[in-house]
Amino acid sequence: MTAYATMFLSAFLAATIIPFSSDAVFVGMLALGYNTWFMLIAASLGNTLGGYTSFFLGKLGKWDWLEKYAKVKREKVEQWRTKISKYGSALALLTWLPFIGDVIAVALGFFRLKFWQVAIFMAIGKTLRYLTIAVIWPWVEKLIAG
């Protein structure tokens, strides 16, 4: 498997409900000298597609499943509905966040927001995440090198 495919897969897995740090892989590969733009593309695509997977898993959800299997109270779900109603698809910009980002992606699907609106915001947020790391990395690398 090529380094870029590895980056894609790690970013994809990190955006699903599987706990994984694609940021560490991204930085490690940048440190090894892999092409920044190819890494950015692979990471952004993988993480975005992983987020879409979480969104569609949420679309499969049902109220009674949340209560029965996840032991989530209906009141808690209603709180999420209120937040999602307030901010809408723009919340997908935050799906890059550790831990809560996956929950946001699933919730956006669960509440049946329009996929294409979510998809655009999600892609922007996840790409900005890796772009920020790529921009900051050269300065961090200089600090480390001394």
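Predicted model: local features only at pLDDT ≥ 70, side-chain atom pairs only at ≥ 80, totals over all residues.
**View 1. Helix α2 and what covers its buried residues.** Helix α2 spans residues 22-31, and its buried residues are Ser22, Phe26, Met29 and Leu30. Those four take up an arc of only 105° around the axis, so they sit on the same side of α2. What lies over them? The cover includes α1 (3-14), α3 (36-60) and α7.

**View 2. Phe99, a non-glycine with a positive phi.** Have a look at the loop between α5 (74-87) and α6 (100-110), which is where Phe99 lies. Its phi is positive, about 65°, although Phe99 is not a glycine. Is Phe99 buried or exposed? Exposed counts as over 50% relative accessible area, and Phe99 has 75%, so it is exposed.

**View 3. Arg112, another non-glycine with a positive phi.** Arg112 is found in the loop between α6 and α7 (115-145). Here phi is about 60°, again positive although Arg112 is not a glycine. With a relative accessibility of 44%, Arg112 counts as partly exposed.

**View 4. Phe110 and Phe111, a pair of rings.** To describe a pair of aromatic rings, you give the distance of the centres and the angle of the planes. The count for this model comes to nine aromatic pairs. One of them joins Phe110 and Phe111: 5.1 Å centre to centre, with 85° between the planes, which is edge-to-face. Buried means under 20% relative accessible area. Phe110 is at 11%, so it counts as buried, and Phe111 is at 16%, so it is buried too.

View 5. How do the two residues compare in burial? Phe115 is buried, with a relative accessible area of 18%, whereas Trp116 is exposed, at 66%.

**View 6. Lys83 over the ring of Trp80.** Where does the charged end of Lys83 sit? You'll find it over the ring of Trp80, 5.8 Å from the ring's centre.

Technical notes. Residues numbered from 1 in each chain as written. Heavy atoms only, no water. Helix = DSSP H or I, 4+ residues; strand = E, 2+ residues; numbered from the N terminus. Buried < 20%, exposed > 50% of the residue type's maximum accessible area, 1.4 Å probe, protein only. Arc of directions from axis to C-beta. Contact = heavy atoms within 4.5 Å. Phe/Tyr/Trp six-rings, centres within 6.5 Å; stacked < 30°, edge-to-face > 60°. Lys NZ or Arg CZ within 6 Å of the ring centre and 35° of its normal.
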